[in-house]
Structures are given as structure tokens and as C-alpha cells.
Amino acid sequence: MSGLILPPGQGRRLVTKAQDVTFKATAADGSVVSVFEVVVPPGFDVGAHVHANSQEFFYVLEGELQLLAFEPTERTEDTWHGWTSKDGDTAVRAAEGACMFVPPNTPHAFRNASDKPARMLFHNYPSPDHELYFEEIVEIFAAGRTVDSGAVEAMRKRYDVQQITPLRYTPPTA
């Protein structure tokens, strides 16, 4: 058996206007953990969501993200930006070198509120749910001028994503 070595910039890449994901280690490579490099554009907000069976790890490589990983005292449906936990936790501004671990059933979110792209290393267990999720969302985004919200909702259910607040992408204006 052999391991996997990828030179910088290598891996299968999926790109839309709202995401740039490069697969680094996948189920096809024999990995039980999916590993991705993700470029998060300015104005992207994944929205708060939860996974019943998956756990995730995020490591900020470059730039800055706002991160959240806790159950709030009150879940609001519009935005997670003002959420607070019973212990007083709020979202964190995370710069290069910061990380976030998310166990199953924990609401979490990230967004790039800056004017520069951020880059992160993202791990998801178990493989291959997020690999399939990223592949399918690219197909949905490419299918037409507007995004089919029904198709997105059905896809999320298949891949253990319970969305709490909406995913938003509002690029900064020049």
C-alpha cells in the first residue's frame, strides 16, 4: 500500500463563483477523512448548519474568517452573526493559524467578512459525504442562471446537512 503526496496546488479542483474547493485526500484515495483546501471569497457566508453524523475540522491558512461552533441560547433563522451561547460565547474572528473542531450535532458556521479571499484546510469525517456534496452543488450552481433552492435542500438532506440560517454570497462592490 502507498500513501498520497500532492505537490502544492495539486488535487481535483471544483470552482463556482461562490466556492473554490481542491480535493486533497478522499475516499478514492483510501481515506476515511475527506480533506479539502477551500478558498472562501469575500462576502461568502456558509450559514449556520448542523450535521447529525459528521464531524469537521477547519484550519485557517491565510486571511481571516469569522467562525462559530456552539449551541446558541436562541437559534434565529435569518442570521447567526449575533448568536450567543449560554456561557457567553460569540463568533470568533480567526486569522491564519486558528482552527475550529466541530463534533456532530453542533451548530457551526463560517464567513469571510473581509475584502480579501481567505484560504482554509477543511477535514470532514466520514468520507465521502462532503466530496459528493461539493460535486453535486457545483452541478446545481452550473444548471442555470438561478440556483434551484429545492434541489439544494434535497441535496443537503442526503448529505447530513441541516441548514439553520441561509447560505449567502454577497461579493463586495468595487
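Phe23 has 5% relative accessibility, so Phe23 counts as buried. The model is predicted. The charged end of Arg12 sits over the ring of Phe23, 4.4 Å from its centre.

## Aromatic pairs

The structure holds 10 aromatic pairs. Phe23 and Phe36 make an edge-to-face pair, because their planes stand at 85 degrees, with ring centres 5.1 Å apart. Phe23 belongs to strand β2 (residues 19-25) and Phe36 to strand β3 (residues 34-40), so the pair ties together parts 13 residues apart in sequence. Phe36 is buried, at 0% relative accessibility.

Phe58 and Phe122 form a stacked pair. Their centres lie 4.8 Å apart, with 20 degrees between the planes. Phe58 is in strand β6 and Phe122 in strand β11 (residues 118-125), so this pair ties together parts that are 64 residues apart in sequence. Phe58 is buried at 3% relative accessibility. Phe122 is buried, with a relative accessible area of 3%.

One aromatic cluster includes Phe23, Phe36, Phe58 and Phe122. Among its other members are Phe44, Phe110, Tyr133, Phe134, Tyr159 and Tyr169.

## His51

His51 lies in the loop between β5 (49-50) and β6 (55-62). Is His51 buried or exposed? The cut-off for buried is under 20% relative accessible area. His51 is at 2% relative accessibility, so His51 counts as buried.

The side chain of His51 reaches the backbone oxygen of Asp160 at 2.6 Å. Leaving aside residues up to four places away in sequence, His51 touches Glu56, Pro104, Asn105, His108, His130, Asp160 and Val161.

How values were computed
Residues are numbered from 1 along each chain as its sequence is written. This is a predicted model: local features need pLDDT of at least 70, side-chain atom pairs count only at pLDDT 80 or more; totals for chains, interfaces and linings use all residues. Side-chain values use heavy atoms; hydrogens and water are left out. Helices (H or I, at least four residues) and strands (E, at least two) are DSSP runs, numbered from the N terminus. Buried means under 20% relative accessible area, exposed over 50%, partly exposed in between (1.4 Å probe, protein chains only). A polar contact is a pair of N or O atoms within 3.5 Å; within protein, one must be able to donate a hydrogen and the other to accept it, and residues adjacent in sequence count only if both atoms are side-chain atoms. Contact means heavy atoms within 4.5 Å. Rings of Phe, Tyr and Trp (its six-membered ring) pair if their centres lie within 6.5 Å; planes under 30 degrees apart count as stacked, over 60 as edge-to-face and the rest as tilted. A charge sits over a ring if NZ of Lys or CZ of Arg is within 6 Å of the ring centre and within 35 degrees of the ring normal.
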